[in-house]
Amino acid sequence: MSTKTALITGATSGIGKATAERFAKQGIQLILCGRRQERLDALQLALGALTNVSTLNFDVSDRQAVSTAIASIPEAFARIDILVNNAGNAHGLDPIETGSLDDWDAMLDINVKGLLYVSKEIIPQMVARNAGHIINIGSTAGKEVYPKGNVYCASKHAVDAINQGMRIDLNQYGIRVGAVNPGLVATEFSNVRFKGDEERAETVYQGFQALKPEDIADIIHFVVTRPYHVNIADLVVMPTAQASSTIVRKIMGS
Ligand code: NDP
Ligand code: 8X3
């Protein structure tokens, strides 16, 4: 079997990083993307012992930067079999009446438009080959709306719609498209949401066993290793302690 190549956005942290590590163990060739160069370098060094690794430093919300970065992919990595659209974050947790326009711009520009910009660059080669697999990382926030989640939830509802739209439009080319929608995963997500307030970020995952990024990486690996006729179209995964965005069984002091 020939080696597959995966491009993972948001590979410098959390779910994307764990997915990169998981794929590397299986010998999948990697194009790892993010904005923090030192983390990309460290990953290339660590995972380079297991598989071929190329890195790209760009902001997914910068249309020109996306196009320039994808055009610079070395020939040996140019055929992309798997695209993991993972880069994204929540910015802020405020009621709609006091929310920040900068936070709203960031979430819509990164989580929605960034995902589209990257996909727009990769889809043509998949169409030309009648092959490929796109995994969109959505969220339970794309399935329901929670208090103060407003625009982040809107961005993930958009990912849900884009996932469905991609699957419909790319069906004629035999391209697999599916979403993995996690609930609470302990990553740097809340540090970003709360703008570096680590104490506040930590409280999000206290009193229960949150998902680990490796749990999601396991699932993404399962998704990409199904036989070709099997497409995991839309998967929701929560910690056992979580029943919905607002119902989490917390045992404080644990
Ligand atoms: P992390 O903050 O740990 O990772 C986010 C990743 O996205 C980083 O690698 C970051 O890299 C990258 N990123 C953020 N903004 C940009 C940008 N403008 N351009 C390029 N890359 C960017 O969070 P998670 O791993 O938790 O989040 C990954 C995905 O999972 C997101 O789409 C998130 O919405 C989703 N998700 C997370 C859940 C959770 O509870 N943690 C639950 C459900 C979904 P860098 O800063 O180097 O650019
Ligand atoms: C991340 C999960 O509940 O913090 O998408 O929005 S949540």
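This is a predicted model: local features need pLDDT of at least 70, side-chain atom pairs count only at pLDDT 80 or more; totals for chains, interfaces and linings use all residues.
Contact here means heavy atoms within 4.5 Å.

By the contact rule, and leaving aside residues up to four places away in sequence, N89 touches M107, N111, Y152, F189 and V192. N89 itself sits in the loop that runs between β4 (82-85) and α4 (101-129). Its relative accessibility is 19%. Buried means under 20% relative accessible area, so N89 counts as buried.

Rolling a probe the size of a water molecule over the atoms shows where empty space is left. The largest pocket found in this model has a volume of about 1,100 Å³. It is lined by 48 residues, and those closest to its centre are N89, Y152, T187, F189 and S190. Of these, Y152 and F189 are also among the contacts of N89.

At least two lining residues each come from α1 (14-25), β2 (29-34), α5 (150-170) and α6 (189-193). The largest share belongs to α6, which supplies four residues. By residue class, the lining divides into 21 nonpolar, 20 polar and seven charged residues.

Strand β6 covers residues 176-182, and seven of its seven residues are buried. In a regular strand the side chains alternate between the two faces of the sheet. On one side of β6 are R176, G178, V180 and P182, and on the other are V177, A179 and N181; both faces are covered.

Which way do β5 and β6 run relative to each other, parallel or antiparallel? The two strands run parallel, and five bridges join β5 (residues 133-137) to β6. Within this pairing, N136 stands opposite A179 of β6, and A179 is one of the buried residues of that strand.

Most residues other than glycine have a negative phi, and most peptide bonds are trans. N130 and K148 each have a positive value.

**T55 in strand β3**

T55 belongs to strand β3 (residues 53-57). Not counting residues up to four places away in sequence, T55 touches L32, Q37, L40 and Q44. How far apart are the C-alpha atoms of T55 and K148? They are separated by 35 Å, and the two residues are 93 apart along the chain.

**Cysteines**

A disulfide requires a pair of cysteine sulfur atoms within 2.5 Å. By this rule the model contains zero disulfides. C33 has a relative accessible area of 2%, so it counts as buried. C153 is at 1% relative accessibility and therefore counts as buried.

Key:
Residues are numbered from 1 along each chain as its sequence is written. Chains are lettered from A and ligands numbered from 1 in the order in which they are written. Side-chain values use heavy atoms; hydrogens and water are left out. Buried means under 20% relative accessible area, exposed over 50%, partly exposed in between (1.4 Å probe, protein chains only). On a 1 Å grid over the protein atoms alone, a cavity is a set of points where a 1.4 Å probe fits but cannot get out, and a pocket is an open set with protein on both sides within 12 Å along at least five of seven lines; lining residues have an atom within 4 Å of a point. Grid points are joined across faces, edges and corners, and a volume is the space filled by probe spheres set on the points. Ala, Val, Leu, Ile, Met, Phe, Trp, Tyr, Cys and Pro count as nonpolar, Asp, Glu, Lys and Arg as charged, and the others, Gly among them, as polar. Two strands pair if DSSP finds at least two bridges between them.
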